[in-house]
Amino acid sequence: MRSIWNGNISFGLVSIPIKMYPATEDHSVSFRQVHTKDGGRIRYRKVCELEDKQVDAEDIGKAYEDADGTLIPITDDDLAHLPLPTTRALEIQAFVSAADIDPLQMGDAYYLGANGAAAAKPYALLREALKRSEKVAIAKYAHRGRERLGMLRVVGDAIALHRLLWPDEVRDPVGVAPKERVTVREAELDLADTLMETLGEVDLHELRDEYHEALEELVAAKMAGATPTAEPGEAPAGAQVVDLMAALRDSVRSARQARGEETGEAAEEAETAEAAGEEAREATVHPLRARGKAAAPAKKAPAGRKTAAPAKKSASKGAEKAGAEKAGAKTAAGKTAGRSGAGSAGSAGSAGSAGKTTAKKPAAKKAPAKKQAAAKRASGRSAS
């Protein structure tokens, strides 16, 4: 690798000469701009406005443009002699936990190598200190015309530098989240957890850039004079209202089938999740009906007691009916005895006593029985 920056790591009073190397590389396919009519290459040439001619790279310098358009030349020597310790050094400011670094701040990555044999010992000292503390170092350094913030961490046996954005360079996500107020239900979260567990972990080394591979095949076919036969990929679906629970269940089922894990137990879990999804949809579409269903089990116990009460009522009603029939029979017997004894005085007296005896049992018939007895006595006296 070719170094792109030389300097020192300043670790207190310890100075470690280092070289900076790019830690990443870009594998994207590069395209050139061409004239569509004749295929001619489109080029951008750097031309001096005063002389109206192209200028070579070694003759191009830097300048700061003032508000009125005035250009103020700035040379590399001017930048190298800035009164800052970070112009040629990585100044370590503190050691913090890696969890304290917001991933939004992380930018380009570089490897830092020891510059010379004398740098090997202090380099190894800093590397082992970072390993044992399980922390990362925060440093400031000047690179490409500005002071930057960086994070040093151990990668294998080397020290890596991640360029960090300054905190005020990270935008606030105000207005990004949906403004609609939505409720995520437990059943939906459970299915989402199941999907996450089903997808499981992945080895990043197994992932590949399929777009890059497709481009290479396209270029190879064009070079061979062949006509590409590949069908275009499916266009992403537009915004639409979907059944979230159904989509989650289908996702879980597809993921399990792709991993060859569709077993009886998995199917049972899917059915349980489906039942939970139906309840969630019912609660979403018919909240009042869902409340009634939820409250129904609580009313089952009182319902049992209510069914016993009508049985008691029917039994008491039957007893009352039987008593009324018995009382009616006795009353009818009394009336018959009264009518048969109407022709004689002796029989009238016995009938009167029998009527009194009969009248005592049904309370509602007392008054009519007395009137009948008095009438019978009066008829008996007149007859004598």
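The model is predicted. Its protein chain contains 10 helices and 11 strands. Of the 384 residues in the chain, 19% are buried. The accessible surface of the chain amounts to about 29,100 Å², and carbon and sulfur atoms account for 55% of that surface. Contacts also show how the chain is arranged: among those between residues at least 6 apart in sequence, 59% join residues at least 24 apart.

We turn next to charged side chains. Side chains of opposite charge can pair when their charged atoms come close. The count of salt bridges comes to 9. One of them joins the side chains of K62 and D76, with a distance of 3.3 Å from N to O. K62 belongs to strand β5 (residues 62-65) and D76 to helix α1 (residues 76-80), so this pair ties together parts that are 14 residues apart in sequence. D76 counts as exposed because its relative accessibility is 54%, and the cut-off for that class is over 50%.

Another salt bridge is formed by R163 and D108, whose closest N and O atoms are 3.7 Å apart. This pair links distant parts of the chain, since R163 lies in strand β11 (residues 158-164) and D108 in strand β8 (residues 106-114), 55 residues apart. R163 is buried, because its relative accessible area is 17% and buried means under 20%. D108, at 40% relative accessibility, counts as partly exposed.

The salt bridge between R253 and D250 has its closest N and O atoms 3.0 Å apart. Both residues lie in helix α5 (residues 244-258), where they are 3 residues apart, about one turn of the helix. R253 has a relative accessible area of 31% and is therefore partly exposed; D250, at 41%, also counts as partly exposed.

Finally, the surface carries several patches. E186, D190, D193 and E197 form a negative patch. Within this group, D190 is located in helix α3 (residues 186-199) and is partly exposed, at 45% relative accessibility. A positive patch is formed by R32, R41, R43 and R45. R43 sits in the loop between β2 (14-22) and β3 (47-48), and its relative accessible area of 51% makes it exposed. A nonpolar patch of about 270 Å² is made by Y64, I72 and I74. I72 is part of strand β6 (residues 71-74) and counts as partly exposed, at 39% relative accessibility.

Note on methods:
Residues are numbered from 1 along each chain as its sequence is written. This is a predicted model: local features need pLDDT of at least 70, side-chain atom pairs count only at pLDDT 80 or more; totals for chains, interfaces and linings use all residues. Side-chain values use heavy atoms; hydrogens and water are left out. Patches are made of residues with over 30% relative accessible area and no salt bridge: like charges are joined within 9 Å, nonpolar side chains (Val, Leu, Ile, Met, Phe, Trp, Tyr) within 5 Å. Accessible areas come from the Shrake-Rupley method with a 1.4 Å probe; for residues, only the protein chains shown count as cover. A salt bridge is a side-chain nitrogen of Lys or Arg within 4 Å of a carboxyl oxygen of Asp or Glu. Lys and Arg count as positive and Asp and Glu as negative; His and the chain ends are not counted. The place of a charge is taken as NZ of Lys, CZ of Arg, CG of Asp or CD of Glu. Helices (H or I, at least four residues) and strands (E, at least two) are DSSP runs, numbered from the N terminus. Buried means under 20% relative accessible area, exposed over 50%, partly exposed in between (1.4 Å probe, protein chains only). Contact means heavy atoms within 4.5 Å.
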